[in-house]
Amino acid sequence: MQFIENLKAHSRITPNNLLYDRALLWLFVSLLVIGLIAVSSASIPVGARLFNDSFYFAKRDAIYVVLSIFACYTVLNIPTTFWEKYYGYIFWIAMILLVMVLIPGIGSRINGARRWIPMIFFNFQPAEFAKLALTCFLASYFTRRYDEVRSRKLSAFKPLVVMGLLGGLLLLQPDLGSTVVLFVITFGLLWIVGANFWQFFALACSGVLLVLWLAISSAYRLKRLTGFMDPFKDPYGTGFQLSNSLMAFGRGEITGEGLGNSIQKLEYLPEAHTDFVMAVIGEEFGLIGILFVITLLALLVFRAMKIGRESLQLEQRFKGFLAFGISFWIFFQGFVNLGMALGLLPTKGLTFPLVSYGGSSLIIMSVSIGILLRIDHENRLMRSGHARLRDD
């Protein structure tokens with residue numbers, strides 16, 4: 001009988017007496033493993049051409065995965081009070097990095113964009129850190145000004161100014177995709193806090209008009225937009241990426257061509273291991289593979305939102321807003337990347353969370369998962385009576 005009871009206890013996704021979210025941890029690890037397999041397969045042709053090593057990018061991605069797990073474990077041991085106390089320093093570090101990346105000789109220009117700072121093992125992308133910095137800032141601001149934000153009509157002005165500062169520097173790179181992510185995080189948290197309805201309406205209209213103006217005012221963004229509307233009209237020009245991505249999904253059908261059997265990754269599909277890794281997954285594993293990855297990411301987002309809701313129920317507003325901000329960030333970035341690969345949205349340089357190749361994205365996203373695990377851990381301690389935690 002004791003054996004059966006132990007079996008029942010361990011068969012639960014997250015036992016009640018466990019002081020960490022087992023489901024969130026396994027979702028995180030599963031997406032990292034899937035990403036490593038997908039990147040290893042998708043990057044073979046480009047690795048062989050550029051470096052005469054078919055597994056060049058696979059080896060680097062494996063290093064990024066190890067660093068990501070280490071970063072997640074490190075952050076898991078940092079109390080959430082650290083992020084609340086030092087949010088200002090984190091924000092200014094993000095601002096400095098976004099300015100540094102624009103300086104010739106410091107920032108690296110790739111494909112016409114200056115978004116990376118060369119490091120020892122990888123090119124660091126400050127835009128990823130800026131997403132985390134803004135989330136920490138907004139969580140702290142909405143905690144300190146909770147009643148004001150809910151009651152005053154223009155209470156969203158300061159958060160929008162802060163977002164605008166980061167977004168303006170991102171647009172100089174240029175990086176419209178990350179700017180939109182910052183906007184969504186801000187908009188989502190204002191909704192969670194319960195700001196005045198007219199602020200949402202004005203913010204939504206302003207955001208749509210701004211994106212349309214940026215798309216029309218830039219020649220290369222306008223080409224992307226026209227290519228998105230009819231990719232097969234110019235399949236060797238503006239619609240090249242999207243048309244090859246759609247062909248990859250079409251070849252995969254329901255069950256896929258099998259691991260390693262993608263044709264589009266043979267240098268037909270640009271950025272196959274980064275922005276369009278989901279197209280390769282769709283070709284090799286079919287609709288079933290895509291749905292499996294989407295389900296894992298959706299469950300991870302739901303767990304993050306559950307942690308945020310539990311934090312607010314425990315009157316831990318900073319933790320709740322931080323968890324919700326991270327969940328909006330992960331969801332929207334995954335939604336845009338997949339929508340871009342499927343031709344539902346214009347192409348943007350946003351990676352699929354925890355799956356696409358990229359050291360900065362993997363590590364910063366893993367730091368965010370570590371924060372979520374830490375918030376959940378502290379909530380469990382509160383509920384079990386081992387700690388008394390409250391907002392200052």
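The model is predicted: local features need pLDDT of at least 70, side-chain atom pairs count only at pLDDT 80 or more, and totals for chains, interfaces and linings use all residues. Residues are numbered from 1 along each chain as its sequence is written, and side-chain values use heavy atoms, with hydrogens and water left out.

The protein chain has 16 helices and three strands. Here helices (H or I, at least four residues) and strands (E, at least two) are DSSP runs, numbered from the N terminus. Of its 392 residues, 53% are buried. Buried means under 20% relative accessible area, exposed over 50%, and partly exposed in between (1.4 Å probe, protein chains only). Among contacts with a separation of 6 or more, 69% join residues 24 or more positions apart. Contact means heavy atoms within 4.5 Å.

**Helix 2 and helix 14**

- The axes of helix 2 (residues 22-42) and helix 14 (residues 277-313) come within 10 Å and cross at roughly 155°. That makes helix 2 roughly antiparallel to helix 14.
- Axes are lines fitted to C-alpha atoms, for helices over the stretch in contact, and angles run from 0 to 180 degrees between N-to-C directions. Angles under 35 degrees count as roughly parallel, over 145 as roughly antiparallel, 65 to 115 as roughly perpendicular and the rest as oblique.
- This crossing of helix 2 and helix 14 is left-handed. A crossing is left-handed if the near helix is turned anticlockwise from the far one by less than a right angle, and right-handed if clockwise.
- By class, the contact of helix 2 with helix 14 holds 19 nonpolar, two polar and two charged residues. Ala, Val, Leu, Ile, Met, Phe, Trp, Tyr, Cys and Pro count as nonpolar, Asp, Glu, Lys and Arg as charged, and the others, Gly among them, as polar.

**Helix 7 and helix 15**

- Helix 7 (residues 126-144) packs on helix 15 (residues 317-341) at about 145°, with the axes 8 Å apart.
- The crossing of helix 7 and helix 15 is right-handed.
- Among the contact residues are E128, K131 and L132 of helix 7, and R317, F318 and W329 of helix 15.
- The contact of helix 7 with helix 15 divides into nine nonpolar, five polar and three charged residues.

- Three strands form an open sheet in the order 1-2-3, with antiparallel pairing. Two strands pair if DSSP finds at least two bridges between them.
- Strand 1 (108-110) and strand 3 (123-124) are at the edges, each with a single partner strand, so one side of each has no neighbour in the sheet.
- Strand 1 and strand 2 pair over three bridges. S108 has W116 in strand 2 as its bridge partner.
- Strand 2 (residues 113-118) and strand 3 pair over two bridges. I117 is bridged to F124, and P118 stands opposite N123.
- A hairpin is formed by strand 2 and strand 3, with four residues between them.
- Five of the six residues of strand 2 are buried, so strand 2 is largely enclosed by the rest of the structure.

**K265**

- K265 lies in the loop between helix 13 (240-252) and helix 14.
- K265 counts as buried, at 6% relative accessibility.
- Beyond its neighbours within four places in sequence, K265 contacts S41, A42, P45, G260, A272, V280 and E284.
- The C-alpha atoms of K265 and A248 are 8.6 Å apart, with 17 residues separating them along the chain.
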